[in-house]
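Let's take a friendly walk through one protein model, looking at a helix and a pocket. Have the sequence and the 3D view ready.

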Amino acid sequence: MNKGGLVYFAKRYLPLAGVVGGLAGAFIYAAGGFGSSVVTAQEFVNLQQGKTIHAGFRRAHAKGFCVSGTFVSDGALQPYTTASVFSGRTTPLIGRFSVAGNDPTAPDLKAPVRSLALSLAVDAGDVWRTAMNTPPVMAVRNPQDFFQQLTALAPDEKTGKRDPKKIQKFFAEHPESKAFTTWAADYRPSGSLATETYHSINAFYLVDGEGKRRAVRWEARPGKAGQEESATSAGDGKDALHQEFFRRLERGPVTFDLVFTLADAEDDENDPSQPWPETRQQLVAGKVIITDAMPQTSGSCNAISFDPLVLPEGMAATGDPILRARSAAYAESYRRRAIEHWRSASQEDS
């Protein structure tokens with residue numbers, strides 16, 4: 001690789017290189033130690049990517065596009081956190097909309113889950129990243145069971161189809177999944193990524209100036225215009241959701257209210273499978289304003305791993321083991337596509 005290609009790669013794909021090994025180790029720890037039941041980040045990502053590797057793309061939520069804009073905080077969270085992103089300021093953001101699956105060319109309307117990831121940077125040393133999904137909860141409480149869930153949902157190698165009996169057996173053996181299966185049965189995807197509600201799923205802590213912690217979850221709720229246009233049709237093309245969003249932006253910004261739910265003492269912040277009561281206190285922390293969108297292959301989001309453990313001072317991770325498993329899997333997926341980009345750039349420069 002020539003000097004120019006090396007510099008390009010270093011700028012776009014090396015920011016996480018120094019921590020990938022440590023995060024993979026965290027996944028092993030979260031899975032319960034070094035015994036026979038360990039699920040490593042490598043095994044997890046192998047399952048996500050399947051037999052067909054789409055080089056240079058994320059192993060999960062491979063299909064998506066980049067967005068940019070700002071987050072305007074109204075200061076409502078200041079009593080609970082010292083994080084500057086919530087101090088009543090405006091912070092630039094880079095984000096990514098995506099749909100579930102490992103194929104970047106798959107029809108986006110068929111995906112069962114939609115996602116919104118955000119990276120908000122006050123400055124180089126003060127960054128908050130969050131990866132939110134349409135389900136409000138997970139089906140299970142720990143990485144081992146999550147791995148088994150994905151295994152049960154995976155298509156049969158011979159038929160290419162899922163086995164309903166295997167899926168039914170898994171959920172029957174995991175009664176904690178009731179909240180998730182109830183949501184899945186009732187969920188009706190909207191005609192636009194701009195009209196969905198996206199959830200943090202995992203809980204985190206807000207930390208105030210005295211070190212006091214308050215467990216929270218959050219969600220991005222569509223702004224007033226998005227709620228009013230919830231019936232918008234995306235059409236039926238392979239890239240229907242992408243195209244609808246780009247057309248929508250031509251009419252003006254897409255907005256979301258970032259709403260935080262504060263836990264009470266009886267809420268278990270380490271269990272992502274259980275919803276918190278709707279009576280819990282909620283605060284609107286500010287507004288996400290999306291003004292631009294671009295393809296992921298050329299957009300700034302392509303080089304970002306939206307690791308949920310990238311937190312600013314004033315926020316902290318809970319003990320939720322799936323939270324750490326997510327972080328490790330993101331790092332492993334990032335490592336693989338970074339290497340693929342390196343090889344591609346090397347071949348172009350040779």
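## Before we start

Helices and strands here are DSSP runs, numbered from the N terminus; a helix needs at least four residues and a strand at least two. Please keep in mind that this is a predicted model.

## The second largest pocket

Rolling a probe the size of a water molecule over the atoms shows where empty space is left. The second largest pocket has a volume of about 460 Å³. Its lining is made by 18 residues, and P136, E219, P275, W276 and E278 are the ones closest to the centre.

Which elements give two or more residues to this lining? They are α6, residues 178–186, and β7, residues 213–222. Strand β7 contributes the most, with four residues. Sorted by class, the lining holds nine nonpolar, five charged and four polar residues.

Now find helix α5, which covers residues 164–172. Its buried residues are I167, F170 and F171. Looking down the axis of α5, you would see these buried residues within an arc of 90°, so they line one face of the helix.

What do the buried residues of α5 pack against? Their partners are α4 (143–153) and α6. On the other side of α5, the exposed residues are K165, Q168, K169 and A172.

## Where α5 begins

Finally, look at the start of α5: there, a side-chain oxygen of D163 comes to within 3.0 Å of the backbone nitrogen of K165.

How values were computed:
Residues are numbered from 1 along each chain as its sequence is written. This is a predicted model: local features need pLDDT of at least 70, side-chain atom pairs count only at pLDDT 80 or more; totals for chains, interfaces and linings use all residues. Side-chain values use heavy atoms; hydrogens and water are left out. On a 1 Å grid over the protein atoms alone, a cavity is a set of points where a 1.4 Å probe fits but cannot get out, and a pocket is an open set with protein on both sides within 12 Å along at least five of seven lines; lining residues have an atom within 4 Å of a point. Grid points are joined across faces, edges and corners, and a volume is the space filled by probe spheres set on the points. Ala, Val, Leu, Ile, Met, Phe, Trp, Tyr, Cys and Pro count as nonpolar, Asp, Glu, Lys and Arg as charged, and the others, Gly among them, as polar. Buried means under 20% relative accessible area, exposed over 50%, partly exposed in between (1.4 Å probe, protein chains only). The arc is that of the directions from the helix axis to the C-beta atoms. Contact means heavy atoms within 4.5 Å. A polar contact is a pair of N or O atoms within 3.5 Å; within protein, one must be able to donate a hydrogen and the other to accept it, and residues adjacent in sequence count only if both atoms are side-chain atoms.
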